[in-house]
Amino acid sequence: MSTATTPRPLTFPPHITTRIERPDAASLEHLGRFGSASIHEAQGRRGAVDSRIKPVDHSMRFSGSAFTVVGGVRDNLMLQVAIHYAQAGDVILVSAGELGQAGTFGDVLANAAKAKGIAAVVTDSGVRDTASLRELGLPVFSGSVSITGTVKETLGPINQPLVFGGQLVYPGDAVVGDADGVVIVRRDEIDQVAALSEAREDHESELIELYKAGRTTIDLCNLHDVLRAKGLTTDIDDIDPDHGLGARP
C-alpha cells in the first residue's frame, strides 16, 4: 500500500507572507522624531488612524514598519502567529473586527514581542494587563481595554494590504504613534514626509517664540482679511473700526 500523501492545494495568496520590503531603519528613525499630528498635516492631512486607537500609556511612542495581521473576532490566533514571524523594528498592526470587548493581547504576549524587538503592537480590538504593559515599556495601542478572554480558532492573512482605523495600509508602510494617535506613511514617501514634518515643526517653534515676544494670533495667522470678509462684528465697533483686531501688518 502506498504511503504517499496528496499535496495540500496552495492557498493564494498564502495565509502568511514573510518576504516583504521594509523601509530603511534610519529613515524610520528620522520620521519617528516628529509628532503624529505634524506628520499627518505635513503629508496633506493624510494617514490619520481612527482617533479611538490610543496608547495604553501616553508616554509611549514608536515608529516602525507595518506588519499587517487580520484576526478573527475575539480570536488572537493570528496575533500569536504574527509575533513568531515578525522581525525587530516591525509594528504588528492587527485588524480584529473592531470588537472592543475582547482582551486579545496582554502581558505574556507582550513579553514575547518585547523579546523579539518588535517596535509596537497596535490593534483595533482590546488589550488587558495594562499595568504590566506600562511597566514593560512595549508601546501598545488599542481600541479599548477589556478583560474578556479570546479563542485561537481562525486563520487569517498576514502581510496583505488591509484597512485599519479607516486607513489603507500596505506591509512595509511606516507607522508612527504617540500620545495623540497613530499615522500611516507610504513606504516610498517616508523621506519626503520626514523632511516636510521637520520643516513644519521648525516653523511652529518660530511661531511660539513670536507669540512669546508679543505677536498675536490675528496677525501671525493672517486673519484680518478673513474676519472682515466674513463680516465680523464686536461691541466696540462704534469706537474701533478695526473691531479690536489691531492694525493690519
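This is a predicted model: local features need pLDDT of at least 70, side-chain atom pairs count only at pLDDT 80 or more; totals for chains, interfaces and linings use all residues.

Student: Which residues of helix α3 are buried?

Tutor: Helix α3 covers residues 77-85. Buried means under 20% relative accessible area. The residues of α3 that are buried are M78, L79, A82 and I83.

Student: Within what arc do the buried residues of α3 fall, seen down the axis?

Tutor: The residues in question are M78, L79, A82 and I83. They line one face of the helix, because seen down the axis of α3 they fall within an arc of 150 degrees.

Student: What covers the buried residues of α3?

Tutor: The cover includes both strands and a helix. The strands are β2 (62-70), β3 (90-95) and β4 (120-127). The helix included in the cover is α4 (107-115).

Student: Are α3 and α4 roughly parallel or roughly antiparallel to each other?

Tutor: The axes of α3 and α4 come within 9 Å and cross at roughly 20 degrees. Angles under 35 degrees count as roughly parallel, and those over 145 as roughly antiparallel. The two helices α3 and α4 are therefore roughly parallel.

Student: Which exposed residues does α4 carry on the face turned away from its buried side?

Tutor: The buried residues of α4 are L109, A110 and A113. They fall within an arc of 105 degrees seen down the axis, so they line one face of α4. These buried residues pack against α3, β4 and α5. The face turned away from that buried side carries the exposed residues V108 and A115.

Student: What is the phi of the glycine that follows α4?

Tutor: The residue is G117. Its phi is positive, near 80 degrees.

Student: Next, strand β4. Is T123 buried or exposed?

Tutor: T123 lies in strand β4. Its relative accessible area is 1%, and the cut-off for buried is under 20%. T123 is therefore buried.

Student: Which backbone atom does the side chain of T123 reach, and at what distance?

Tutor: Leaving out residues up to four places away in sequence, T123 touches I53, V94, A96, T104, F141, S142, G143 and F164. Its side chain also reaches a backbone atom within the chain. That atom is the backbone nitrogen of S125, at 3.0 Å.

Student: S142 is among the residues touched by T123. What is the relative accessible area of S142?

Tutor: S142 is in strand β5, residues 140-145. Leaving aside neighbours within four places in sequence, S142 is in contact with R52, I53, K54, T123, S125 and V127. S142 is buried, with a relative accessible area of 5%.

Student: Which backbone oxygen lies 2.7 Å from a polar atom of the side chain of S142?

Tutor: The side chain of S142 supplies one polar atom of the pair. The other atom is the backbone oxygen of S144.

Student: Where does D129 lie, and what is its phi?

Tutor: D129 lies in the loop between β4 and α5 (130-136). D129 counts as partly exposed, because its relative accessibility is 34%. Most residues other than glycine have a negative phi. D129 is not a glycine, yet it has a positive phi of about 60 degrees.

Student: Is N222 buried or exposed?

Tutor: N222 lies in the loop between α7 (217-220) and α8 (224-229). Its phi is near 55 degrees, a positive value in a residue other than glycine. Exposed means over 50% relative accessible area. At 60% relative accessibility, N222 is therefore exposed.

Student: What separates the C-alpha atoms of P14 and N159?

Tutor: P14 lies in the segment before α1 (25-31). At 35% relative accessibility, P14 counts as partly exposed. P14 and N159 are 145 residues apart along the chain, and their C-alpha atoms are separated by 9.7 Å.

Student: Last, which residues does Y211 touch beyond four places away in sequence?

Tutor: Y211 is found in helix α6, residues 190-212. At 31% relative accessibility, Y211 counts as partly exposed. The residues touched by Y211 are T216, T217, L220 and C221.

Terms used: Residues are numbered from 1 along each chain as its sequence is written. Side-chain values use heavy atoms; hydrogens and water are left out. Helices (H or I, at least four residues) and strands (E, at least two) are DSSP runs, numbered from the N terminus. Buried means under 20% relative accessible area, exposed over 50%, partly exposed in between (1.4 Å probe, protein chains only). A polar contact is a pair of N or O atoms within 3.5 Å; within protein, one must be able to donate a hydrogen and the other to accept it, and residues adjacent in sequence count only if both atoms are side-chain atoms. Contact means heavy atoms within 4.5 Å. The arc is that of the directions from the helix axis to the C-beta atoms. Axes are lines fitted to C-alpha atoms, for helices over the stretch in contact, and angles run from 0 to 180 degrees between N-to-C directions. Angles under 35 degrees count as roughly parallel, over 145 as roughly antiparallel, 65 to 115 as roughly perpendicular and the rest as oblique.
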